[in-house]
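Subject: Structure for your files

Please find the structure below. My notes on the contact between the chains follow it.

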Amino acid sequence: MTKETVDGAMEEQQAQSKKGLKKQQKEVEKAAKKAEKQAKLAAEQQSTEEDDFAKDRYGVLAMVQSQQKLDRTLVRVKDLTPEKADQLIWMRARVHTSRAKGKQCFLVLRQQQFNVQALVAVGDRASKQMVKFAANITKESIVDVEAAVRRVEQKIESCSQQDVELHIERIFVISQAEPRLPLQLEDAVRPDGEGEEEGRATVNQDTKLDNRVIDLRTTTSQAIFRLQSGVCQLFRDTLTQKGFVEIQTPKIISAASEGGANVFTVSYFKTSAYLAQSPQLYKQMCICADFDKVFCVGPVFRAEDSNTHRHLTEFVGLDIEMAFNYHYHEVIESITDTMVQIFKGLRDNFQTEIQTVNKQFPSEPFKFLEPTLRLEYTEALAMLHEAGVEMGDEEDLSTPNEKLLGRLVKEKYDTDFYVLDKYPLAVRPFYTMPDPNNPKYSNSYDMFMRGEEILSGAQRVHDAQLLTERAIHHQIDLEKIKAYIDSFRYGAPPHGGGGIGLERVCMLYLGLHNIRQTSMFPRDPKRLTP
Amino acid sequence: MYQVKPVSGGHVKVDLPTCMYKLPNIHAQQGNSCTSEHALQNGEVDPAVRALEARQDEILRKLYELKAAVDGLAKTVTTPDADLDLTVSSCLSSHSPIPSTFKGVTDLDTVLGKDLGALRDIVINANPAQPPLTLLVLHSLLCQRYRVLSTVHVHSSVSNVPQQLLSCLGPSHADSYSRNLFQLGFTLIWKDVPKLQMKFSVQNMCPIEGEANIARFLFKLMAPYPSDPAQATLIDNWVDMAFFQLAEGSSKERAAVLRALNSALGRNPWLTGSELSLADVACYCCVLQSGSVSSAPANVQRWIKSCENLGHFSPAKLLVK
């Protein structure tokens, strides 16, 4: 070792020990500080515990495991009106927001579409600790509150109950929510345009769908699904009044009904089976079984790999089939009348829901005519021709042409709902009855809402002979549909019908743009959960 | 060596063609057609078919005239004002359009545009609070002239429409399940509109507003305005007076119009001469709507009776009741 290095090493050691000393000093300081803090906290806590006279009027309750049966009436938020002023009531709601301001804490308590302002103030009923506790309750937690209802002079604009507020005497947490929510409810309800303008956040659809449970709590979602429930109920009620019988058809079937590759296969013991694409075949068999007029509400499975705004792999189908006397227009009249009754019912009874949805997704109100407008395919071709679109006589309408036609019809007749009758035979399935006067056309029809197709229907071929001919013409394997053809061999009445998709009807009625907004837990080629 | 007589005579006249290809003269057609036959120029329809259609329409028209004449005669037997009802058959036959080459379908083509092979639907949006009586009368006149498919709809903007407004176009035609069997469509929609509106061809025509204007349009579907400008102006004058002063004017204006009507009807059985015209239809409906029937002077009362003797005015009367 050279002198320098020895010296160097010595210096290093000295330096190290200096550093070490410094470090040690710092640690000691830190420890001292910590001890001080802890002592302070302990002192504070003691003092606060001593002062807390309201200790038993707030807190987190033990999990409700049905320990006791309390005979307590809980008032609904929507019933909190000035009539209940100065009453002491109990209620259960979610904490929408909580904000502390000095000696007061303002809470907004929410129940479905309704919310009310509540106040915890330091006074003879509440202590400082209680106010602090209220301010720290996490958003979305469920609380039980005993409060006095008080009238307010100035209307509270931001709540649904604008004339009253609650002065809380007791507050208990029934179910606590985790502090970090995957999405904020205000963001989920914000209209897209507003979000961009003011630079505030909006939630994109995938996040909403991944956290569907929280997204469904928003006012918009509540309104949409209440309206959807209304559609289903009006459908059932109207048809039952017309003398229809509700049936349930099997969804596990042995052969693909509509043909093509759009079926899901399931393993069925030693063989495989398919999930029904539509209740078509079974509806018709019910008619041949003398049920005369039937409808069915159930899931429909389509294995189409389309990722569009209006396709789902599983949706709810509302299907109608009925026997008629002499002309299939009797069927059209029945179906359109049902649709008009549904629209009227929604217009008259669900205005609040429609307005709520329009706040986030503005759209034109839905217009319709009674009786429903019925145009023929040749008229549609003439209208499109006038607008500059050339189409062949026997060509099917493409989606952009359907939308254009919808706009033209809206322009001329001012209706968002109409029927297009007498489609060309070449573009319809094999079981469609051909037109008696013109072999190029068929007794089939489509119904449109806001320019998009919602129903495809027709008079069905009820003669086994003709059905076999048509199947051969369409090159369908007769073995696969033997059971279907057999059902017409023992006397079958002339009949027709059609089916609509519940989600699509709601989406188009409200003027929304994506079908996933009207499906609670949507299924598409890319989504299987929740 | 030897001379052979020539086999063929020396000069054989060969006709060499001077023209390579012959094309039909495209200019020749223009000279032949008269203005009302624009539609034939695109040459799509076989002229033989057209001629057949024309004959059929001619026959149908004659049938209608015969029917009207018989109706008129029937009325002369049953109604008190028998002498006036002789005008029924004459007025209906004078209803037939004037040009000799007139064919029903072609006339529609000039007013409504080219026939695209589908029903031509006229849409009228009316407010149920102000039913358009003139249009109902014109509708029944149209039904006599053409095969008209009439439908009544209620728009979602109004909730309750009385039954008589729903059946104001009469019972639906037996063939109404097949729209393409009809020449003309008349769709009446009861809607919450501020002003009466008519739509026909969204691409080529803007909507027509106001009962007077729509009445003029519908009348032109049956017969063109008289070529004499003085006569045409007279009709227009009466129509405007009816809609602006009779229907919407103050009681003073209404009285003035009734006096004018009285003096005009003193000279002629109908307002513009010996034939029924749009002026009569418009004035009758406005008089009815303003409720001045009972207070009208003598000539006007007589004229009202003769209007009512023509079956077409009954829809208006039924509604006012």
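**The A–B interface**

A:Glu379 and B:Arg179 form a salt bridge through their side chains, at 2.5 Å from N to O; the term means a side-chain nitrogen of Lys or Arg within 4 Å of a carboxyl oxygen of Asp or Glu. Across the interface of chain B and chain A there are two salt bridges by this rule.

This is a predicted model, in which local features need pLDDT of at least 70 and side-chain atom pairs count only at pLDDT 80 or more, while totals for chains, interfaces and linings use all residues. Residues are numbered from 1 along each chain as its sequence is written, chains are lettered from A and ligands numbered from 1 in the order in which they are written, and side-chain values use heavy atoms, with hydrogens and water left out.

Chain B puts 27 residues into the contact and chain A 25, contact being heavy atoms within 4.5 Å. About 2200 Å² is buried between the two chains, 52% of it from carbon and sulfur atoms; buried area is the accessible area (1.4 Å probe) that two parts lose on being put together, summed over both.

Strand β13 (residues 369-370) of chain A pairs with β2(B) in the antiparallel sense over two bridges. Strands are DSSP runs of E, at least two residues, numbered from the N terminus, and two of them pair if DSSP finds at least two bridges between them. Within this pairing, A:Leu369 is opposite B:His155 of β2(B).

Regards

Methods: Helices (H or I, at least four residues) and strands (E, at least two) are DSSP runs, numbered from the N terminus.
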